[in-house]
Amino acid sequence: MSLEEFWFVLIGVLWSGYFVLEGFDFGVGMLLPFLPRDERERGLMFQSIGPVWDGNEVWLVVAAGATFAAFPAWYATLFSGFYVALLAILVLLIVRVVSFDWRERHDGERWRVTWLCANSIGSFGASFLWALTLANLVQGVPLDSSHVFTGGIVDLFSPYTVFMGVAVVALFALHGATYLTLRTSGALRRRAAATARRLAPLAAVLAAGGVAWTVVVAHQNNQRAALPVAIPAVITGVLVIAAAVLTARGRPAWAFASTALAAIGVVATIFTGLYPRVLVSDPSFGNSLTISNAASGHYALEVITVVAVIFTPVILLYQGWTYHVLRARLGGGAGPAPAERPGEPQAG
């Protein structure tokens with residue numbers, strides 16, 4: 001494996017980590033206006049993600065930094081051509097971040113509801129736009145011979161990219177609901193479990209349809225053979241169906257593991273469909289950015305590889321420790337929690 005291929009895979013891994021961790025984080029935010037019945041339950045939902053959301057975003061920062069260091073041409077084209085979409089994501093993330101703190105600055109009901117809705121809008125919008133952005137990498141955008149984006153914001157929206165956005169929103173909502181069944185107890189937990197059961201069939205259909213569509217797009221727009229892309233797509237389809245079945249059978253821990261792996265599967269399908277290009281040009285396919293013509297020099301890749309080998313385990317260790325410390329359930333109101341099934345991994 002060349003250093004260019006190593007960094008392409010590593011960036012895919014970083015996006016996978018972001019989709020798994022920020023995915024349930026966004027999912028909880030999407031459910032904020034619908035799941036809690038009172039201020040106490042709304043506070044519990046905020047508490048379930050409050051200590052970890054900023055740590056989850058480390059994966060996004062590292063993914064963007066790795067793209068800049070390893071593939072500067074890809075970074076330049078992506079961040080200039082997708083400027084409006086990425087600026088919108090930044091605004092949505094800022095609004096969402098502010099909501100965690102500002103919601104606590106005043107006891108008025110209208111004030112708290114406003115910031116709750118801000119968090120939810122940020123979660124919906126950022127999830128949709130991130131999926132739309134990644135889908136555009138494999139679908140292709142107009143690039144000139146200097147790899148400069150020549151289109152507009154409208155070019156980013158197509159039936160495929162919008163469908164992928166909706167599919168990822170549904171998958172993240174299910175991911176968040178299964179997460180809440182592990183982090184809460186009592187009435188809130190039962191309501192989260194019921195919500196997960198209702199979301200699961202829709203999320204399974206949309207996510208499986210999205211990765212299947214990615215196989216077709218990668219074959220048509222990126223000249224990829226269907227089989228290599230179909231393998232992660234089929235695995236992803238099986239995982240989302242398994243998540244629906246496990247949710248219906250009351251196995252939240254295994255259902256959460258399935259939705260987490262399905263989130264990885266979505267990224268893996270897109271990156272497998274993308275290789276060996278990093279940004280497909282459509283309709284001028286010859287202007288596409290590849291892992292060769294977008295990469296940094298060999299010496300720069302060697303240096304950042306040493307840095308990645310040292311610090312990636314550090315990130316994994318401190319995030320694992322954080323989730324271990326915060327593994328206890330949060331109280332969810334009156335009433336006993338449903339009995340756990342034998343063999344089900346427990347939180348707390």
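How accessible is F163, and does F163 count as buried, partly exposed or exposed? At 25% relative accessibility, F163 counts as partly exposed (buried is under 20% relative accessible area, exposed over 50%, partly exposed in between, with a 1.4 Å probe and protein chains only). This is a predicted model, where local features need pLDDT of at least 70, side-chain atom pairs count only at pLDDT 80 or more, and totals for chains, interfaces and linings use all residues. Residues are numbered from 1 along each chain as its sequence is written, and side-chain values use heavy atoms, leaving out hydrogens and water.

**Aromatic pairs**
- There are 24 aromatic pairs, counting Phe, Tyr and Trp (six-membered) rings with centres within 6.5 Å; planes under 30 degrees apart are stacked, over 60 edge-to-face and the rest tilted.
- F24 and Y179 are stacked, because their ring centres lie 4.1 Å apart with planes at 20°.
- F24 sits in helix α1 (residues 3-31) and Y179 in helix α8 (residues 159-183), so this pair ties together parts 155 residues apart in sequence (helices are DSSP runs of H or I, at least four residues, numbered from the N terminus).
- Both F24 and Y179 are buried.
- F163 and W213 make a tilted pair, 5.5 Å centre to centre with 55° between the planes.
- W213 is partly exposed, at a relative accessible area of 33%.

**Helix α2**
- Eight of the 11 residues of α2 (residues 39-49) are buried, so the helix is largely enclosed by the rest of the structure.
- Among the buried residues of α2 are R42, L44 and F46.
- The buried residues of α2 pack against α1, α3 (53-56), α6 (83-102), α7 (109-139), α8 and α9, with contact meaning heavy atoms within 4.5 Å.

Terms used
Helix = DSSP H or I, 4+ residues; strand = E, 2+ residues; numbered from the N terminus.
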